[in-house]
Amino acid sequence: MAENFMEWEDRLSIGIPVIDIQHRRLVEITNKLYEACRQGGRAIRGHFIATLHETVDYTCYHFGTEDKIMQRIRYPEYAAHKKEHDDFIIKVLKQMQDYEDEKIYAPHAMVRYLRDWILSHIAITDLKLGTYLLEMKKTGALGKVIIEPEN
Ligand SMILES: [Fe+2]
């Protein structure tokens, strides 16, 4: 079996189930995107673009989940965290547009950028949010904020 481009590791867990589950899914989708560009050549261009759209859609959905939680708890670092999300989406959308307009042809570089950004954002910024939420939970201040996945 081909090796995955990205591997989920327990050290990536921030201890907040609803967020951890979505991060795992992001890793899976990034692997799928890597597979789409690994096949190479112009023939797979449409498939790569479709998978890229799927990746961006899921990332936006995931950012929305974190956003809701941060707003609910009036997270003190909300603005900075949100800015990281917004800047990332703007950058990825720009890369995507350039790719679709055939200004750039660098699918591998795009997937690597995605992977590196996701890993460092989880390890630093999301971990900080997770630690804050767990601290609130410990003191009973989390109230009704949902950190368990819905289903
Ligand atoms: Fe985040």
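Guide: Start with a definition: two residues are in contact if their C-beta atoms, placed from the backbone, lie within 7 Å. Residues are numbered from 1 along each chain as its sequence is written. The model is predicted: local features need pLDDT of at least 70, side-chain atom pairs count only at pLDDT 80 or more, and totals for chains, interfaces and linings use all residues.

Visitor: What pLDDT does the protein average?

Guide: pLDDT is the predictor's confidence in each residue, from 0 to 100. Where pLDDT is low, the predicted coordinates should not be read in detail. Here 95% of the residues score at least 70. The average is 91.

Visitor: How many helices and strands does the protein have?

Guide: Both are DSSP runs, numbered from the N terminus: helices are H or I with at least four residues, strands E with at least two. Along the sequence the pattern reads α-α-α-α. The count is four helices and zero strands.

Visitor: Which element has the highest mean pLDDT?

Guide: Among the elements, H1 has the lowest mean, 93. The highest mean, 95, belongs to H4.

Visitor: What box do the C-alpha atoms fill?

Guide: The box is taken along the principal axes. Its dimensions are roughly 55 × 35 × 25 Å.

Visitor: What share of the residues in the protein is buried?

Guide: A residue is buried if 20 or more other C-beta atoms lie within 10 Å of its own, exposed if 12 or fewer, and partly exposed in between. The protein has 151 residues. The buried share is 21%.

Visitor: Which elements do the buried residues of H1 pack against?

Guide: The buried residues of H1 include Ile19, His23, Leu26, Thr30 and Cys37. They pack against H2 and H4, residues 107–138.

Visitor: How far apart are the end C-alpha atoms of H1?

Guide: The expected span of a helix is 1.5 Å times one less than its number of residues. H1 covers residues 17–38, so its 22 residues should span 32 Å. The model agrees, with the ends apart by 31 Å.

Visitor: At what angle do the axes of H1 and H4 cross?

Guide: Axes are lines fitted to C-alpha atoms, for helices over the stretch in contact, and angles run from 0 to 180 degrees between N-to-C directions. The axes of H1 and H4 come within 9 Å. Their crossing angle is roughly 170°.

Visitor: How is H1 oriented relative to H4?

Guide: Angles under 35 degrees count as roughly parallel, over 145 as roughly antiparallel, 65 to 115 as roughly perpendicular and the rest as oblique. At roughly 170°, H1 is therefore, relative to H4, roughly antiparallel.

Visitor: Into which classes do the residues between H1 and H4 fall?

Guide: Ala, Val, Leu, Ile, Met, Phe, Trp, Tyr, Cys and Pro count as nonpolar, Asp, Glu, Lys and Arg as charged, and the others, Gly among them, as polar. The contact includes Leu26 and Leu33 of H1 and Leu114 and Ile118 of H4. By class there are ten nonpolar, four polar and two charged residues.

Visitor: How far apart are the axes of H2 and H3?

Guide: H2 spans residues 45–72 and H3 residues 78–100. They pack at about 170°, and are therefore roughly antiparallel. Residues in the contact include Val56 and Phe63 of H2 and His85 and Val92 of H3. The axes are apart by 11 Å.

Visitor: Which residues of H4 does H3 meet?

Guide: H3 and H4 pack at about 175°, with axes 11 Å apart. That makes H3 roughly antiparallel to H4. From H3 come His81, Glu84, Phe88, Gln95 and Tyr99. In H4 they meet Met110, Trp117, His121, Thr125 and Leu129.

Visitor: Where is arginine 74 found?

Guide: Most residues other than glycine have a negative phi. Arginine 74 has a positive phi of about 50° although it is not a glycine. It is exposed, with 7 other C-beta atoms within 10 Å. Its place is the loop between H2 and H3.

Visitor: Is glutamate 102 buried or exposed?

Guide: Glutamate 102 lies in the loop between H3 and H4. Its phi is also positive, about 65°. With 8 C-beta neighbours inside 10 Å, glutamate 102 counts as exposed.
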